[in-house]
Amino acid sequence: MSIAIYTLTSALHDEEAVSKSTHEFRDSLHLDFEWKGADFIDYGKSPLNIIYVRTGGTEGLFLQLFDELRQRSHHPFYFLTSGKSNSLAASMEILSFLRQKGCEGEIIHGTSQYITHRIQLLERVEKAYHSLSGCRLGIIGQPSDWLIASHADKQKVFEQLNIELVDVPMEELLTAIDRAPETLPINLKPQISHYKSQASNLKGAAQIYHALKTIVEKYHLAGLTLRCFDLLTSVHNTGCLALAMLNAEGIVAGCEGDVPAMLSMKVAQVITGTMGFQANPANINTVSGHIIFAHCTIPLNMVERFELDTHFESGIGVGIRGYVPPGPVTIFKLSGDLSRSFIAEGSLIECQDKPDLCRTQLLVQLADHSQTSYFFSHPIGNHHIILPGHHKDVLEQLCTKYIQ
């Protein structure tokens, strides 16, 4: 059970009356939770721990528990109150005390619909944070030389998210490529279209895919980012197809050694259950809010169809031209020191096929046109993550609580 509810009740109040109102309040919430009552012995073990303040006069009870509860959990304190029996007033006094102690907390109060929605949102955030804890993400070959703003503070990432960033030498990947099989687990020949190179390049792409899988298994990685342009000269191929396949398998796989982009993809995957597309803006219309995002790879499970072409800049290897169904999208990016984030919702209008851009091209219109100014005044690097669906609320909640 991911939600645990504990109670604070003053002995001065009539228990029969309090129990009656408690049952009515509980029944009004459409939630699946474990009722712990007044026994706080396992507080902090569930992803989301909530203290239901049933009555007023409970401030002293909380004070007696405070030191022990703070040691058991580093998460914010959440106080649920119906407002009856002076419970809201007590919750406000407790939260004021916590603020004085430098602790984070929130009072959950309002209509049953609001409370249910709020707790469900917090549950998603806390479960996501719990899932991120202990993740290992690989940096294969270091960030590309041109990504001068796209490094990460490993210590902060570990302290705030308990994610370990692991350096993997490019030489290790190249050795694994030499030993890897030349066959893919899926048949991609029907997707070859406008292909300017030979289909034999699929053999090299297959080797890169299997080599990356070997690295993932060896280092127990939940994701990676690859200094992919080095492969153009070393093996005369690209990592685009391998990364697209890994993402479709649930293994976060980013391009160009961009560590903040990889972190953004992983956080987004855990909180939304959706894999994102790492791409950079190619053209922005500040009046209409239209932005073209492009890159030569995209998760294969994000598209309705795709074609194989060459990598755009080099004209060699295997690149992917993916076609994503129109619909709602979210644009997301974290900074490498976890001090900032960018979140914007919009709509995917269409996928384009311009010859002078990376192969997969998404035309997105922002819901708030004014957010285009971010890209010109204080962008977080050039790569951003495009996610199917609208996820602003839950991403903002996670960033507010645990990242910024």
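This is a predicted model: local features need pLDDT of at least 70, side-chain atom pairs count only at pLDDT 80 or more; totals for chains, interfaces and linings use all residues.
Residues are numbered from 1 along each chain as its sequence is written, and side-chain values use heavy atoms, with hydrogens and water left out. Local features need pLDDT of at least 70 and side-chain atom pairs count only at pLDDT 80 or more, whereas totals for chains, interfaces and linings use all residues.

Begin by selecting β4 (77–80) and β5 (residues 105–108). Helices (H or I, at least four residues) and strands (E, at least two) are DSSP runs numbered from the N terminus. The two strands run parallel and are joined by four bridges; pairing requires that DSSP find at least two bridges. Within this pair, Phe-77 stands opposite Gly-105. The path from β4 through α3 to β5 forms a right-handed β-α-β crossover, that is, clockwise from the first strand over the helix to the second with the strands pointing away from the viewer.

Next, select Ser-85, in the loop between β4 and α3 (87–100). Ser-85 is not a glycine, yet its phi is positive, about 55°. Its relative accessibility of 31% makes Ser-85 partly exposed (buried is under 20% relative accessible area, exposed over 50%, partly exposed in between; 1.4 Å probe, protein chains only).

Move to Leu-338, in the loop between β14 (327–334) and β15 (341–352). Here too phi is positive, near 60°, and Leu-338 is buried, at 1% relative accessible area.

Finally, select Glu-304, between β11 (290–295) and β12 (305–309). Glu-304 is exposed, at 55% relative accessibility. Leaving aside residues up to four places away in sequence, Glu-304 touches Tyr-323 and Pro-325 (contact means heavy atoms within 4.5 Å). A distance of 17 Å separates the C-alpha atoms of Glu-304 and Gly-319, which are 15 residues apart along the chain.
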